[in-house]
Amino acid sequence: MNTTIIEIENLSFGYSHDRKIFDGLNFRLMRGQKIGLIGPNGSGKSTLFHLIMGLLKPVSGDIKVFDKSRKEEKDFDEVRQRIGLLFQDSDDQLFCPTVEEDIAFGPLNLGKTHMEAQSVVKETCEMLGLRGYEKKITYRLSGGEKRLVALATVIAMKPDCYLLDEPTLGLDKRSESVFLEYLKKYADTYIVITHDTDFLKNATDIIYLIKDEKITIV
């Protein structure tokens, strides 16, 4: 039976009174769906992710995640534990001194022991081709390496659903292929924002367009 993961009804949001991003937006993500999200710059793609995660607050409308309306800050605690958000900028995701500490942060926050977290770090690095990076200083990595580590921090949480904002940005073809393989094998439900049409074609089943305050199937 299909389960609704995210349901958005009549959502309105703007950064100011004269700059409306959404006006009466409706959207639903079911378990098992693999959705691509496209649209012009500034159309609200990243904003939608931030609203779902409770990082921004709508002007009006309802955001329901895992069958519960989410309105107050405390309502989003469960959302942030069960949905993995990849930020568009890797530097917003990485704040620990080393790669292994960044990857272990999420599992430790979920109550894993240090030994269990280390096991997750090892497994995640193996899956993404990051073996040997564990002790590296995060801020010294290249842009592509940071992107892969940022992806690893999300994957290590083993979320029910992924919100991936430009996941292939800065990745070389080998790393992109490794990540695509991960999605196909292990990720059940996700939304991907990307300008990479080839990746969208290979990674998603359906594509939505955000434009002019609305969202429509392409």
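Two strands count as paired if DSSP finds at least two bridges between them, and helices (H or I, at least four residues) and strands (E, at least two) are DSSP runs numbered from the N terminus. The views below show a predicted model, in which local features need pLDDT of at least 70, side-chain atom pairs count only at pLDDT 80 or more, and totals for chains, interfaces and linings use all residues. Residues are numbered from 1 along each chain as its sequence is written, and side-chain values use heavy atoms, with hydrogens and water left out.

**View A. The open sheet has four strands in the order E2-E1-E4-E5, with antiparallel pairing.** Strand E2 (19-30) and strand E5 (68-69) stand at the edges with a single partner strand each, so one side of each has no neighbour in the sheet.

**View B. Strands E4 (residues 60-65) and E5 run antiparallel and are joined by two bridges.** Val 65 has Lys 68, in E5, as its bridge partner.

View C. A pocket is an open set of points on a 1 Å grid over the protein atoms alone, where a 1.4 Å probe fits, with protein on both sides within 12 Å along at least five of seven lines, and its lining residues have an atom within 4 Å of a point. Of the 20 lining residues, Arg 80, Leu 85, Gln 93, Phe 105 and Met 157 are the closest to the centre of this pocket, while helix H3 gives the most to the lining, with four residues.
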